[in-house]
Amino acid sequence: MKEKSESIVLGNDPIFKKGKKYRFYLPRILGSKESTKSKIFLFVGLNPSWADEKNNDRTISRIIKYATEWGYHKLMVGNLFPLVNPDSKDSQIRTDEFRSLNNICLSEMINQADVVLCGWGRMGKFDDRDVEVMQMIGNKAFCVGLNEDGTPSHPLCRKKGFRFYKSKMINYAGRDDKS
């Protein structure tokens, strides 16, 4: 017998667990209000920093700027790892706790999104998590640039004064080496 797949309804409120220790979904409505014909922009990073339902961090502010300039009406943010920690080099972020819920949220966001901007960097290679998520994203994946190891660079890791245009987004098919 086939197992029933889990699903989740993504609304206008973020999804957290254990207080705000884990974040799985962060939405932003861009402009006056969401319409039924909204263009949806999804950013998938490595792990959440401190942005929540009311406050933006530097990454969210940058992504809002891109999405708004490019005509998107809604921004959704997900991550390879859901542990909230502004230090992406902290090995604690790479926890498997809540991976199933994170995958369900990512899958639903990907299904709704018109485009997915990947920006998890080198640390996304841990346990081939980037490969697993890329299988969900498929041909919707883009990035602002590639690191030397073929991983999608984070938008804040671009040189000062870098001006990014939608037309310069790179179609991202995942790492070639998978190592």
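This is a predicted model: local features need pLDDT of at least 70, side-chain atom pairs count only at pLDDT 80 or more; totals for chains, interfaces and linings use all residues.
User: How many helices and strands are in the protein chain?
Analyst: The protein chain has three helices and seven strands.

User: In what order do the elements run?
Analyst: Starting at the N terminus, the order is β-β-β-α-β-α-β-α-β-β.

User: What share of the residues counts as buried?
Analyst: Of the 179 residues in the protein chain, 48% count as buried. The accessible surface comes to about 9,700 Å², and carbon and sulfur atoms hold 48% of that surface.

User: And the contacts, what fraction is between residues 24 or more positions apart?
Analyst: Among contacts in the protein chain with a separation of 6 or more, 79% are between residues 24 or more positions apart.

User: Let's go to strand E3. Buried or exposed?
Analyst: Mostly covered: E3 spans residues 40-45, and six of its six residues are buried.

User: Which residues sit on each side of E3?
Analyst: Ile-40, Leu-42 and Val-44 are on one side, with Phe-41, Phe-43 and Gly-45 on the other. Both faces are covered.

User: Which strands does E3 pair with, E4 to start?
Analyst: E3 is joined to E4, residues 74-79, by six bridges, and the two run parallel.

User: What do E3, H1 and E4 make together?
Analyst: A right-handed β-α-β unit, with helix H1 covering residues 58-69.

User: Next, H2. How many residues, and what does it reach from first C-alpha to last?
Analyst: H2 runs over residues 99-112, which is 14 residues, and reaches 20 Å from its first C-alpha to its last. That is close to the 20 Å expected at 1.5 Å a residue.

User: Which residues of H2 are buried?
Analyst: The buried residues are Arg-99, Leu-101, Asn-102, Asn-103, Ile-104, Cys-105, Leu-106, Met-109 and Ile-110.

User: What covers them?
Analyst: The cover includes strands E1 (15-17), E2 (22-29), E3 and E4, along with helix H3 (129-137).

User: Changing topic: how many salt bridges?
Analyst: The count comes to six salt bridges. One of them is Lys-20 with Asp-52, where the closest N and O atoms are 3.3 Å apart.

User: What does Glu-53 do with Lys-20?
Analyst: Their side chains meet in a salt bridge, 2.8 Å from N to O. This pair also links distant parts of the chain, with Glu-53 in the loop between E3 and H1 and Lys-20 in the loop between E1 and E2, 33 residues apart. Glu-53 counts as partly exposed at 38% relative accessibility.

User: Back to Arg-99 for a moment. Which side chain does it meet in a salt bridge?
Analyst: Asp-127, with 3.7 Å from N to O. Asp-127 lies in the loop between E5 and H3 while Arg-99 is in helix H2, so this pair ties together parts that are 28 residues apart in sequence.

User: Are those two buried or exposed?
Analyst: Arg-99 counts as buried, at 17% relative accessibility. Asp-127 is partly exposed, with a relative accessible area of 47%.

User: Which residues are in the network with Arg-99?
Analyst: Salt bridges with shared partners join Arg-99, Asp-127, Arg-129 and Glu-132 into one network.

User: Last one, backbone angles. What is phi at Lys-18 and at Asp-128?
Analyst: Lys-18 has a positive phi of about 50° although it is not a glycine. Lys-18 is in the loop between E1 and E2. Asp-128 also has a positive phi, near 55°, and is a residue other than glycine.

User: Where is Asp-128 found?
Analyst: Asp-128 is in the loop between E5 and H3. Asp-128 counts as partly exposed, at 36% relative accessibility.

Notes. Residues are numbered from 1 along each chain as its sequence is written. Side-chain values use heavy atoms; hydrogens and water are left out. Buried means under 20% relative accessible area, exposed over 50%, partly exposed in between (1.4 Å probe, protein chains only). Helices (H or I, at least four residues) and strands (E, at least two) are DSSP runs, numbered from the N terminus. Two strands pair if DSSP finds at least two bridges between them. A crossover is right-handed if, with the strands pointing away from the viewer, the path from the first strand over the helix to the second runs clockwise. Contact means heavy atoms within 4.5 Å. Accessible areas come from the Shrake-Rupley method with a 1.4 Å probe; for residues, only the protein chains shown count as cover. The expected span of a helix is 1.5 Å times one less than its number of residues. A salt bridge is a side-chain nitrogen of Lys or Arg within 4 Å of a carboxyl oxygen of Asp or Glu.
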